[in-house]
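Work through the exercises below with the coordinates open. Each task is followed by a stepwise solution.

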Amino acid sequence: MLFSGRRKKFGTSIQTELYVQPLQFYGQPPLENISLSEFETFAVDRLKLLKTVENLGVSYVKQSEQYSKKLDSELKTLNFPYRSEVDDRKLPGGPSESEKRRKDHISHFILRLAYCQTEDLRRWFIQQEVDLFRYRFNGLLSKQKLEFLHKNNLQYDAISLKEKKELKEKLVSSTYAISGITVEDQDFYKVPFQDALDLVRTRKVYLKEGYAYIPHQDIVTIVLNDFRTRLSKALALTARSLPAVHSDERLQPLLNHLSHAYLGQDYSIQKNVGKISLEQIDSLSGKSFPLCMRQLHQALRENHHLRHGGRMQYGLFLKGIGLSLEQALQFWRSEFIRGKVDGDKFDKAYAYSIRHMFGKEGKRTDYTPYSCMKVILSNPPSQGDYHGCPFRHSDPELLKQKLQVFKVSPSGIVQIMELVKGMHYQLACQKYFELTHNVEDTPFSLSHPNQYFSESQKLLGGGGGGKELKREVDASQRSQENSSSRGFSAAQEAADSEHEAEMTKDLNAFFEDV
Amino acid sequence: MPSSDYDSACLPDLLPLYYRRLFPFYQYYRWLTYGGVQKNYFQNREFCFTLKDDIYVRYQSFSTLNELEKEMQKMNPYKIDIGAVYSHRPNQHNTVKSGSFQALEKELVFDIDMTDYDDVRSCCSAADICTKCWTLMTIAIRILDRALREDFGFQHLLWVYSGRRGVHCWVCDEAARKLSAAARSAVAEYLSLIKGGEDTVKKVVLTDPIHPFIRESLAVVEHFFPQYALQDQDILARKESVDKVLALVPDDVKKELQQDFQNEKKSDVRWKLIKDQARKKQSTAKKGQHFDKEIMLQYCYPRLDVNVSKGVSHLLKSPFSVHPKTGRVSVPIDLRELDSFDPFAVPTISLICEELDRPKTGEEEEKVEDATEKEDERDASEKRRIRDYKRTSLAKYVKNFDQFLEGLARSWKGELLRKSDLQKEF
């Protein structure tokens with residue numbers, strides 16, 4: 001990858017043939033010079049786009065109408081290519097399709113620089129890029145899809161008519177949305193199962209002797225897998241050339257800001273260490289813990305034990321609210337001893353993992369408390385587990401009962417269940433916050449259990465450092481809202497210089513909270 | 001029944017004997033070297049030993065069979081776990097630049113633990129097992145073995161009794177060892193039908209069309225269900241268990257059944273009534289019509305811990321490791337005799353140590369012939385060891401392991417021919 005020539009000179013961009021295809025695998029890095037301000041703008045715009053992709057992904061069913069509409073409008077606002085049927089020179093004075101594709105290309109590669117550095121960043125970046133890619137691939141016309149496959153060397157073998165006939169029954173009953181007629185009409189491809197993991201995972205495909213039998217219409221999942229793998233490898237490679245990039249002082253601050261912006265507050269830096277005493281935990285759990293943590297605490301008290309998933313989720317949360325390592329060790333030990341674990345066993349088996357959580361063992365990573373996104377999307381609970389998000393993972397009936405036990409009003413429960421039905425888990429939790437704290441409205445947008453706790457403490461007037469947090473959280477809220485509205489109006493203005501000035505102000509506001 | 005009284009306090013005396021005279025080092029080494037097709041495969045493998053007083057020692061690795069043997073005889077581990085094959089020797093991982101030391105390959109593994117079924121078995125709970133609930137393991141093995149072979153194309157599966165309350169599966173095909181974490185988790189999820197924790201009442205929901213994998217699994221479950229669930233577990237007898245079953249049925253059907261059950265007390269007839277109701281629903285409704293199948297699956301279908309299978313570097317108890325609490329050896333299970341496998345007949349370390357002192361009649365003669373061709377390749381101590389374990393109840397399980405290895409060996413012979421410059425390290 002050539003990075004040296006890219007940013008040093010000011011100059012105009014070149015329209016290349018690279019941008020004939022509406023969609024690409026980002027296999028080749030851009031080979032031109034761009035201005036520093038364009039570099040910044042492109043990066044920030046794509047980051048906004050990816051954050052939108054993330055939020056929409058949790059609030060709406062992917063590929064649903066609302067999802068598509070909202071994503072389309074965001075793509076349009078930020079001048080990225082959206083539906084490819086659009087005529088090349090539609091908006092007078094606005095960027096051409098080719099320019100949009102160029103922006104797409106360059107911004108992707110810039111963000112790779114920022115997001116290749118840690119496992120977490122890579123995972124996040126890959127997830128959003130894959131979702132975005134899926135959305136755009138599905139928006140291609142059939143002819144364009146075929147072209148894309150052909151251009152990108154995804155040749156898989158089609159099965160013979162004879163084999164298709166033999167397997168017809170099985171293909172119909174295993175492959176999603178396929179009838180007997182479609183089996184006859186379409187080609188089916190034999191793909192090694194490792195290349196079709198999404199379909200295998202959800203059991204939406206017929207598997208035989210290690211091969212997945214994919215109808216032509218489902219090739220998108222294969223393509224996605226391929227995209228994900230390529231991107232993952234590319235990020236690993238990018239990480240290695242990072243020292244050279246970081247030595248450029250103009251880029252380093254921007255790249256740092258970019259990689260921190262995705263998390264917002266991540267509660268990794270402990271504030272108020274030691275301000276919470278162990279005796280307070282029981283009462284705090286009833287007043288200020290989000291439902292997931294309250295549930296975990298209760299299970300811990302009742303069973304004097306929690307499995308690994310629960311220990312991680314709850315233990316890290318406690319770290320986030322300010323428990324010190326010594327306190328944590330005392331807390332877990334005293335509870336486990338009441339159960340089947342004796343002191344010695346605790347010290348040998350469990351103490352290690354608690355110290356690990358605080359970054360005092362092994363590779364000494366200081367683990368960050370899980371955000372709502374992480375709790376909702378990864379490691380679903382199974383038999384004997386109490387972790388996860390109750391709004392996402394609990395049986396609706398049991399959830400209702402639990403809310404009743406926790407004295408939520410019947411009308412409140414109805415509101416919560418509506419939100420749960422619509423898969424708006426974080427909004428449901430926010431509603432729970434409102435009902436248990438007796439407030440009409442919450443000024444924050446819930447995205448983290450520790451955020452729930454600190455907001456609650458603020459409201460109830462307890463805990464330290466509340467004011468600072470409030471200012472930070474509010475500022476990030478305000479700047480996010482402002483930058484998106486300002487971005488929209490800026491796009492509508494024709495003048496270049498004004499455009500640039502707005503973007504710079506925009507950039508600062510966007511990063512105010514970091 | 002051959003299980004001498006086991007007392008965990010005797011482990012310090014029994015383990016040295018076990019590791020000097022009974023542990024099948026040669027076969028173990030042969031397995032983990034995989035024919036020497038890949039260089040340093042054995043040398044870069046992580047072992048984890050748990051020593052006396054729960055001292056846990058990770059990142060152990062060995063250069064040769066000899067070193068493995070000597071170290072184990074020196075340390076006398078209470079428990080042995082096998083980890084991944086890394087990029088460098090695990091015992092030197094501290095000298096490697098951080099970030100470069102990576103887990104590269106490992107067998108695809110599955111862990112089925114009886115405690116995960118506590119909500120559906122009435123005979124035992126927690127660490128206990130009995131012959132009644134052991135059927136669940138038989139069902140699990142049949143379903144998973146078929147799927148791993150027929151759906152995924154794997155061929156070299158080693159099923160092992162964990163020593164207390166479950167079974168493990170080691171999928172040793174080359175393709176399996178090279179799977180990424182994402183692929184492992186996809187395989188595990190394909191095989192998972194039970195979704196939900198403490199708070200989920202209905203853990204299995206089937207929708208049309210029913211995937212061939214589910215059909216095949218159902219066929220196995222249906223075979224065992226009448227004996228296992230209706231008789232042994234008696235799920236349709238006591239009110240409490242009947243209520244639990246009926247909680248899995250749609251409300252309208254539930255009311256009818258509750259009425260019918262007032263007059264009908266026999267379990268098999270009650271089950272027939274449930275099935276009839278399901279059949280009725282299937283012809284009319286588009287959803288919630290498979291509740292009879294869902295019940296069977298919820299009570300019998302294998303429950304895997306996806307986390308065990310997901311991680312490339314996840315440690316799992318080694319075959320032939322001893323379970324410190326029960327004393328039983330983790331032995332390979334012969335699937336041809338699966339239906340007659342009895343976990344309580346698995347030898348304990350006390351038994352086989354005791355058997356060393358007295359000869360075992362009958363079986364000893366047969367085994368000697370098998371050994372003669374191979375004995376020439378091995379040294380004196382190995383020959384002595386073979387004579388030793390063949391005198392004990394461990395013999396038949398080492399034979400199971402040998403058969404598994406023979407299958408594996410056929411696969412790497414082809415590879416070796418291709419890489420003819422590689423030296424065998426025996």
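Predicted model: local features only at pLDDT ≥ 70, side-chain atom pairs only at ≥ 80, totals over all residues.

**Exercise 1.** Determine which strands stand at the edges of the open four-stranded sheet in chain A.

Solution. 
1. The strand order is 1-2-4-3, with antiparallel pairing.
2. Strand 1 (157–158) and strand 3 (206–208) of chain A each have a single partner strand, so one side of each lacks a neighbour in the sheet. These two are the edge strands.
3. Strand 3 of chain A is joined to strand 4 (residues 211–215) of chain A by three bridges; one pairs A:Tyr206 with A:Tyr213.

**Exercise 2.** Find the strands of chain B that pair with strand 7 (residues 166–171), and state whether its faces are covered or open.

Solution. 
1. B:Val109 is partnered by B:Trp170.
2. Strand 6 (residues 157–161) of chain B is also antiparallel to strand 7, through five bridges. Here B:Trp159 is partnered by B:Cys169.
3. Strands 6 and 7 of chain B form a hairpin with four residues between them, and B:Gly163 in the turn has a positive phi of about 105°.
4. Buried means under 20% relative accessible area. B:Gly166, B:His168 and B:Trp170 on one side, and B:Val167, B:Cys169 and B:Val171 on the other, are all buried, so both faces are covered.

**Exercise 3.** Describe the largest nonpolar core and one of its most connected members.

Solution. 
1. Among its 194 residues, B:Tyr18, B:Trp31 and B:Leu191 touch the most other members.
2. Helix 4 (residues 131–151) of chain B gives the largest share, 11 residues.
3. Beyond four places in sequence, the contacts of B:Leu191 include A:Arg203, B:Phe110 and B:Leu144.

Definitions and conventions. Residues numbered from 1 in each chain as written. Chains lettered and ligands numbered in written order. Heavy atoms only, no water. Pairing = 2+ DSSP bridges. Core = buried A, V, L, I, M, F, W, Y, C linked by side-chain atoms within 4.5 Å. Buried < 20%, exposed > 50% of the residue type's maximum accessible area, 1.4 Å probe, protein only. Contact = heavy atoms within 4.5 Å.
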